[in-house]
Amino acid sequence: MSLIGFRKERPSDLQVSEPPKKKQKISQTSKKQNTTVTCVTLPREKLLVFSRPQLDEFVANVTKGRSLTKEEKKEVSRQRKLIKNRNSAAASRQRKKQHQDSLESKHLELLNQQNSLKERISSLETSN
């Protein structure tokens, strides 16, 4: 059996090429970073009930006039963001509830209007 067009390659004919390079992935830190506990770190329970002015007052009392370290500034900033986000979420829920209530009242109003129009139509039909 002969193979037409088949060429047996010799080892010297083979070209050695480098394996394809893999794309390097840039490592990103996960969103749940382990934060270092500093003197300005509040427990979660207290953080949930603190407002931003209360947090600022707490930080001022803890530091007693000294400047904050880089880690402490980062932690205070993170805590402020958590408080701001909590307040924003609460305001969003309140707006959503008000919108829902207004839609429900509008729905009831339209149902009443529809019933009154049906009654009017039926009274006009009986009079004719």
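Student: Which helices each supply at least two residues of the lining of the second largest pocket?

Tutor: In this predicted model, they are α1 (44-49) and α3 (70-127). The lining consists of L42, P43, R44, L47, L48, L82, I83 and R86, and the pocket has a volume of about 170 Å³.

Student: Nice! Now, why is α2 called roughly antiparallel to α3?

Tutor: Helix α2 (residues 52-63) and α3 pack at an angle of about 160°. Angles over 145 degrees count as roughly antiparallel, so α2 gets that description relative to α3. Their axes are 10 Å apart, and the crossing is right-handed.

Student: What makes the contact between them?

Tutor: From α2 come R52, L55, D56 and V59, and from α3 come V76, Q79, R80, I83 and K84. By class, these contact residues are four nonpolar, one polar and four charged.

How values were computed: Residues are numbered from 1 along each chain as its sequence is written. This is a predicted model: local features need pLDDT of at least 70, side-chain atom pairs count only at pLDDT 80 or more; totals for chains, interfaces and linings use all residues. Side-chain values use heavy atoms; hydrogens and water are left out. On a 1 Å grid over the protein atoms alone, a cavity is a set of points where a 1.4 Å probe fits but cannot get out, and a pocket is an open set with protein on both sides within 12 Å along at least five of seven lines; lining residues have an atom within 4 Å of a point. Grid points are joined across faces, edges and corners, and a volume is the space filled by probe spheres set on the points. Helices (H or I, at least four residues) and strands (E, at least two) are DSSP runs, numbered from the N terminus. Axes are lines fitted to C-alpha atoms, for helices over the stretch in contact, and angles run from 0 to 180 degrees between N-to-C directions. Angles under 35 degrees count as roughly parallel, over 145 as roughly antiparallel, 65 to 115 as roughly perpendicular and the rest as oblique. A crossing is left-handed if the near helix is turned anticlockwise from the far one by less than a right angle, and right-handed if clockwise. Contact means heavy atoms within 4.5 Å. Ala, Val, Leu, Ile, Met, Phe, Trp, Tyr, Cys and Pro count as nonpolar, Asp, Glu, Lys and Arg as charged, and the others, Gly among them, as polar.
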